[in-house]
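Here's a quick briefing to read alongside the model. Take a look at the fold first, then come back for the details.

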Amino acid sequence: MASRDDIVSFLDDFLKINDISDKSINGLQVQGTDRITRIGLATDAALATYRKAVDAGCQMLVVHHGLIWDGIRSVTGRNFDHLKFLIGNGLNLYAAHLPLDLHAEVGNNAVLAGMAGLSKIKPFGDYYGITIGYSGTLKTPATVAELEAVYARQLDCTPRTLAFGPEKISTVAIISGGGTGLLEEAITRKMDCLVTGEGTHEKFHQAAEGRIHLMYLGHYKSETVGVKALGEVLKQRWSDLDTVFIDEPTGF
Ligand SMILES: [Zn+2]
């Protein structure tokens, strides 16, 4: 049986939590019980994921989108409901936002790059001074339909593409979640395709004018892969620790 403090310090270190500035308060956001036998992994902090984690016998839930962003102003309303449930059930809540986007091994973007089989992988995507994504080259150039099929199969998603780029895609940039803020950088760096989770209305014309493919995998689906990969690392580190992925899709 692992202790909460050991798991937290391992995660803080592995994900370089204290080196990465973020609006998310990363690390242990809410303290629960001391001894951990099972950890839930989820994309979002939500009452729905907490309930499923407790029902599955978890003492800790590790999420990509946590509860606390920029601090807490009052323990009322939604904050109250969340804290009451978490503390009442002894469920530890650990959040890793940007540290779990940019991590070279278990980060959402590294895993998505691996699924596409990208080579010549380089950091991509300046987000307020932090590079959060990756770019690379497809070993065999692919059509939009072929790259969509790769993600549809491996991520069990239905990609949707604003297809304004070349017939064959070679260079790909990857930013999980709501990554279209990096569209301009992808165009400037002559990427054939930006793969992200979801986008906004005004990106249509920007992609058209930049002659780039903008592929949406779904915000949720694109950010399930990091927590899952992290779960494998935790299981390797503690042989008596069990993990479970808590699936709670948002439709986005
Ligand atoms: Zn996100």
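Start with the contacts in the chain: of those between residues at least 6 apart in sequence, 65% join residues at least 24 apart. Keep in mind that this is a predicted model.

**Overall build**
- You'll find 10 helices and 13 strands in the chain.
- A compact globule of 252 residues would have a radius of gyration near 18 Å, so the chain's 19 Å agrees with that.
- The C-alpha trace spans about 55 × 40 × 30 Å along its principal axes.
- Out of the 252 residues in the chain, 46% are buried.

**Helices H2 and H3**
- H2 covers residues 47–55 and H3 covers residues 77–89; their axes come within 10 Å and cross at roughly 10 degrees.
- Angles under 35 degrees count as roughly parallel, so H2 and H3 are roughly parallel to each other.
- On the H2 side, Leu-47, Tyr-50 and Val-54 make the contact, while H3 brings in Asp-81, His-82, Phe-85, Leu-86 and Asn-89.
- Sorted by type, the residues in this H2–H3 contact come out as five nonpolar, two polar and one charged.

**A look at Lys-120**
- Lys-120 sits in strand S7, which runs over residues 118–127.
- Lys-120 has 10 other C-beta atoms within 10 Å, and a residue counts as exposed with 12 or fewer, so Lys-120 is exposed.
- Setting aside neighbours within four places in sequence, Lys-120 is in contact with Gly-136 and Thr-137.
- His-205 is 85 residues from Lys-120 in sequence, and the two are 29 Å apart in space, C-alpha to C-alpha.

Technical notes
Residues numbered from 1 in each chain as written. Predicted model: local features only at pLDDT ≥ 70, side-chain atom pairs only at ≥ 80, totals over all residues. Axes fitted to C-alpha atoms, helices over the stretch in contact; angles between N-to-C directions. Helix = DSSP H or I, 4+ residues; strand = E, 2+ residues; numbered from the N terminus. Parallel < 35°, antiparallel > 145°, perpendicular 65-115°, else oblique. Contact = placed C-beta atoms within 7 Å. Nonpolar A, V, L, I, M, F, W, Y, C, P; charged D, E, K, R; others polar. Rg over C-alpha atoms; globule rule 2.2 N^0.38 Å. Buried ≥ 20, exposed ≤ 12 C-beta atoms within 10 Å, placed from the backbone.
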